Amino acid sequence: MTLHHVRRGTGAPLLLVHGLGAGWRSWAPIIDGLAAEREVVAVDLPGFGQSAPLAELSIASLADAVADFIEEQGLGGVATAGQSMGARIVLELARRGVGGDTVALDPGGFWTDHELALFGATLRPSIALVRLLRGALPSLLATRAGRTALLAQLSACPWALDADTVLPDVLGLADAPATDAAMDALTKGPKQKGAPAGTVPGRVTIGWGRRDRVTLPRQAERAARAYPDAELHWFEKCGHFPQWDAPDEAVRLILDRTS
């Protein structure tokens, strides 16, 4: 299948892979900063944004779709950056030897069974709530109180965010056809496999928010052990979305750690 995507900027290509939410628009807070120095290619994963869903969705099938897109677009060796589920996908691509330098922001897949159960037990009700409130989300997220109430699990400082920054991802959680299947893939599928030292095709950087309440900070050390070639970067005062809470730092990290 052909994934819907957008291209911005000029220079060495950089492929962006989003997590649950708005599709490529999840990168809106930082895409212009990245495109100032690179040709940014931001995809909609199957069942998100404007890409058609898969008949059977798993982390492996999502990674297959991105790998096929890379080949189809002639992007062999492309640097990749992903966030959340997208971060897990770019790590999986690196494990397979696909792509080049890799930046993974707050990836899933490195939880214990207890942490995984907690992830599902907290995020599924949040998704149900935003669906219930779907019509009122623009007005709710326009207020500091509404952002604080709805986004406390996702951001270290939700009250300080701009409504235009967060609204696309929250609406994406409610509307994307693949949200439920992706949650099943994350909570019922296998955990992320690692890559032995010397087997990844480029530099690997794993970024993590110190205040991430979705993929907990203690999971970062497990991810680093699974990918021993990786460099671990901590975002201070940051939750699950560095592009929300620390956009300038996220831009600089991605640009500095990919070529």
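How do the axes of helix α2 (residues 59-72) and helix α3 (residues 85-96) cross? I started my notebook there.

**Ground rules.** I am working from a predicted model, where local features need pLDDT of at least 70, side-chain atom pairs count only at pLDDT 80 or more, and totals for chains, interfaces and linings use all residues. Residues are numbered from 1 along each chain as its sequence is written, and side-chain values use heavy atoms, with hydrogens and water left out.

**Entry 1: α2 and α3.** I found that the two axes come within 9 Å and cross at roughly 70°. That makes α2 roughly perpendicular to α3 (the term covers 65 to 115 degrees). The axes are lines fitted to C-alpha atoms over the stretch in contact, with angles from 0 to 180 degrees between N-to-C directions. Helices are DSSP runs of H or I with at least four residues, and strands are E runs with at least two. I then looked up who meets whom: I59, A60, L62, A63, D64, V66, A67 and I70 in α2 meet M85, R88, I89, E92, L93 and R96 in α3. Those residues divide into ten nonpolar, no polar and four charged.

**Entry 2: V41.** I next went to strand β3 (residues 39-43), where V41 lies. Leaving aside neighbours within four places in sequence, V41 is in contact (heavy atoms within 4.5 Å) with residues including L16 and F69. The C-alpha atoms of V41 and L16 are separated by 6.2 Å, though the two are 25 residues apart along the chain.

**Entry 3: R257.** I found R257 in the segment after α11 (247-256). R257 counts as buried too, at 16% relative accessibility. Not counting residues up to four places away in sequence, R257 touches D101, V103, R203, V204, T205 and E231.

Methods. Buried means under 20% relative accessible area, exposed over 50%, partly exposed in between (1.4 Å probe, protein chains only). Angles under 35 degrees count as roughly parallel, over 145 as roughly antiparallel, 65 to 115 as roughly perpendicular and the rest as oblique. Ala, Val, Leu, Ile, Met, Phe, Trp, Tyr, Cys and Pro count as nonpolar, Asp, Glu, Lys and Arg as charged, and the others, Gly among them, as polar.
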